[in-house]
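Some notes on this entry follow, as numbered points. Please read them with the structure open.

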Amino acid sequence: MSLAGNLFHSSIGRKFLMALTGLILVGFVVGHLVGNLQIFQDPDHINGYAAFLHQMGPLLWVARIVLLISVGIHIWAATALALENKQARTGNGPATAKHWIQATLSSRFVRWTGYVVLAFVIYHLAQFTLGVAGSAQFKENLPRYVMAADYRVAGFPVIKAGAEVLDVHSMVILGFQNPIVSVFYIIAVGLLSFHLLHGIDSFFQTMGWRSAKWSGALRKLTLVFCLAYFLGNLAIPGSVLTGMKGLREGFRAPSTSRTARR
Amino acid sequence: MVASSTSKSSLSVTLRVWRQAGPNQPGKFVDYAAKDLNPDMSFLEMLDVVNDDITTKGEEPIAFAHDCREGICGTCSCTINGKPHGPGRGIATCQLYMRSFHDGDLIVVEPFRARSFPVIKDLITDRSAFDKIMQAGGFITVRTGAAPDANSIPVPKHDADLAMDAAACIGCGACVAACRNASAMLFVSAKVSQLGLFPQGQPERDKRVLAMVSTMDAMGFGNCTNQYECSAACPKTISHDFIARMNRDYLKASFRSVFKPVSNSTGGGAA
Ligand code: HEM
Ligand code: FES
């Protein structure tokens, strides 16, 4: 068989694709979190960062397409393998209830945590990227933010002081002031962290880099990573919900928004 | 085997056994009382005693497979209380003793369940899918010579030991039965690694792993989800590290096959 045939049709090939796309997605979610944590600095940071990303134009689209293809392949492989697994088990009389010997909890729920994360990602994009859910608070519908200082990347001022940019800072805080949105977000990132608890361990096994010699250390590193990832994500809605993080000074809700009319 | 009691007094249990007259026939669980058992009798000896009873009553005895009765042939495959080869670690059913159970226990006995292991009768399954995988590449084609020749090719001690760990596989199929996905990856990885660790196994290393994995897939086994139920149920405690090794070998072989040059004269010689 050809290389593509091996990768897309064999058991190990599809697991490899799942591991590879999983790694791309892990890279994305970590980068995304680090970017988002700028919300704890003054609004110039996250707003400048968002404007900078949008300024990338075609590059942003390349990244989006790579991510979309990765998500597609990851879910396709997970589903195709799972359907085969179900078939491989059936057709031979009823078994007594599965007796788990040593499988971890995260491994037993990996598919379900994956699907919930997918549902969340769709909602998340609808809220913050497309503005379909909660559109009164969508960045396009909020007053523009005027940069107080330059936003710099690697020392270069990429967004200049005085530039009018979208107010992502206020959009995120207004969004998370809704407890339902925040709680859904926290549950989803919790499940994603739980998914990665099995996923990252599995990544090393699928690539053939895991062995008993260091599997204990790998498990601990994975646990620390997933915990840190969860806490980092918890910090944003958590601080908004508890009122520790409020709207920026000088934010005025647009007169057309429902909050203003009331 | 760890005994759950040190008592020497006899015990009585209820067996709930899968009875199926033949392939593709409906099966069902049937209860049998096994009374006054010696705790030091093996599980298979207990089945012999129960079968004596059944036969005297003029009924069809429970069909179960067995051969060596010392844990080296891999024939005595059945699932006991939901775990292949029953309670205990690193033993085959023939090495399981009645002292592992308590008086009054209900013991559920069924065949290894997997689509690729069709039931022949009662507890006996057809595991020839494993043979097909072996035929696809579980061998070394070159003549390796007689025993003294083995020492003429140096094998690093570490590799020899690791290969021996893999070679301990008795091909019983417990890994498939224990896996939620009925994956045969522990079995196949043990065979791939055993041969791939030796100098004599190198020339066919890529071809072997590609062929064995492709046959494994074609036989309808499931795909590993890295839950390691297989190695926990394995009577030879073969490590799932071998699965990682096979994954790496398979991926390397797949990528290498794209770039490896081929001779123009393929087909010449004794092809
Ligand atoms: C942000 C999203 C996601 C990330 C970062 C991610 C990451 C990963 C990683 C690294 C693996 C390990 C691959 C391996 O070596 O086996 C994995 C496995 C898996 N993922 Fe995801 N994933 C994500 C979303 C999803 C979604 C939406 C699904 C839904 C179907 C899913 C289902 C699975 C399944 C079934 C496995 C298999 C694990 C196993 O081998 O049992 N993932 N994921
Ligand atoms: S009868 Fe040979 S391993 Fe049990």
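1. In which loop of chain B is the place of B:Ala182? B:Ala182 sits in the loop between helix H5 (174-178) and H6 of chain B. This is a predicted model, and the backbone here deserves a look: B:Ala182 is not a glycine, although its phi is positive, at about 50°. With a relative accessibility of 1%, B:Ala182 counts as buried.

2. A second residue of chain B belongs under this heading. B:Tyr228 also has a positive phi, about 60°, without being a glycine. B:Tyr228 is found in the loop between H7 and helix H8 (229-233) of chain B. Its relative accessibility is 12%, so B:Tyr228 counts as buried.

3. Helix H6 (residues 185-196) of chain B packs on helix H9 (residues 241-259) of chain B, with axes 8 Å apart and an angle of about 70°. Since angles of 65 to 115 degrees count as roughly perpendicular, H6(B) and H9(B) are therefore roughly perpendicular to each other. Their crossing is left-handed.

4. The residues behind that crossing can be listed. H6(B) contributes B:Met185, B:Leu186, B:Val188, B:Ser189, B:Ala190, B:Val192, B:Ser193 and B:Gly196. From H9(B), the partners are B:Phe242, B:Ile243, B:Arg245, B:Met246, B:Asn247 and B:Asp249. By class, the contact of H6(B) with H9(B) holds eight nonpolar, four polar and two charged residues.

5. Another helix pair in chain B is arranged as follows. The axes of helix H2 (residues 128-137) and helix H7 (residues 205-218) of chain B come within 8 Å and cross at roughly 155°. An angle over 145 degrees counts as roughly antiparallel, and H2(B) and H7(B) are therefore roughly antiparallel to each other. The crossing of H2(B) and H7(B) is right-handed. On the H2(B) side, the contact is made by B:Lys132, B:Ile133, B:Met134, B:Ala136 and B:Gly137; on the H7(B) side, by B:Arg208, B:Ala211, B:Met212, B:Thr215 and B:Met216. These residues divide into six nonpolar, two polar and two charged.

6. Chain A has 10 helices and four strands, in the sequence order α-α-α-α-α-α-β-β-β-β-α-α-α-α. Its C-alpha trace spans about 65 × 40 × 35 Å along the principal axes. Of its 262 residues, 42% count as buried. The accessible surface of chain A is about 13800 Å², and carbon and sulfur atoms account for 70% of this. Among contacts in chain A with a separation of 6 or more, 70% involve residues 24 or more positions apart.

7. How many of the residues of helix H7 (residues 168-176) of chain A are buried? Nine of the nine are, so H7(A) is largely enclosed by the rest of the structure. Among them are A:His169 and A:Ser170, as well as A:Val168, A:Ile173 and A:Phe176. The buried residues of H7(A) pack against helix H3 (43-55), helix H6 (110-130), helix H8 (179-207) and helix H9 (215-241) of chain A.

8. One residue of H6(A) may be checked individually. A:His124 lies in helix H6 of chain A and is buried, with a relative accessible area of 17%. Leaving aside residues up to four places away in sequence, A:His124 touches A:His32, A:Thr129 and A:Tyr185. A:Tyr185 is 61 residues away from A:His124 along the chain, with 8.4 Å between their C-alpha atoms.

Note on methods
Residues are numbered from 1 along each chain as its sequence is written. Chains are lettered from A and ligands numbered from 1 in the order in which they are written. This is a predicted model: local features need pLDDT of at least 70, side-chain atom pairs count only at pLDDT 80 or more; totals for chains, interfaces and linings use all residues. Side-chain values use heavy atoms; hydrogens and water are left out. Axes are lines fitted to C-alpha atoms, for helices over the stretch in contact, and angles run from 0 to 180 degrees between N-to-C directions. Helices (H or I, at least four residues) and strands (E, at least two) are DSSP runs, numbered from the N terminus. Angles under 35 degrees count as roughly parallel, over 145 as roughly antiparallel, 65 to 115 as roughly perpendicular and the rest as oblique. A crossing is left-handed if the near helix is turned anticlockwise from the far one by less than a right angle, and right-handed if clockwise. Contact means heavy atoms within 4.5 Å. Ala, Val, Leu, Ile, Met, Phe, Trp, Tyr, Cys and Pro count as nonpolar, Asp, Glu, Lys and Arg as charged, and the others, Gly among them, as polar. Buried means under 20% relative accessible area, exposed over 50%, partly exposed in between (1.4 Å probe, protein chains only). Accessible areas come from the Shrake-Rupley method with a 1.4 Å probe; for residues, only the protein chains shown count as cover.
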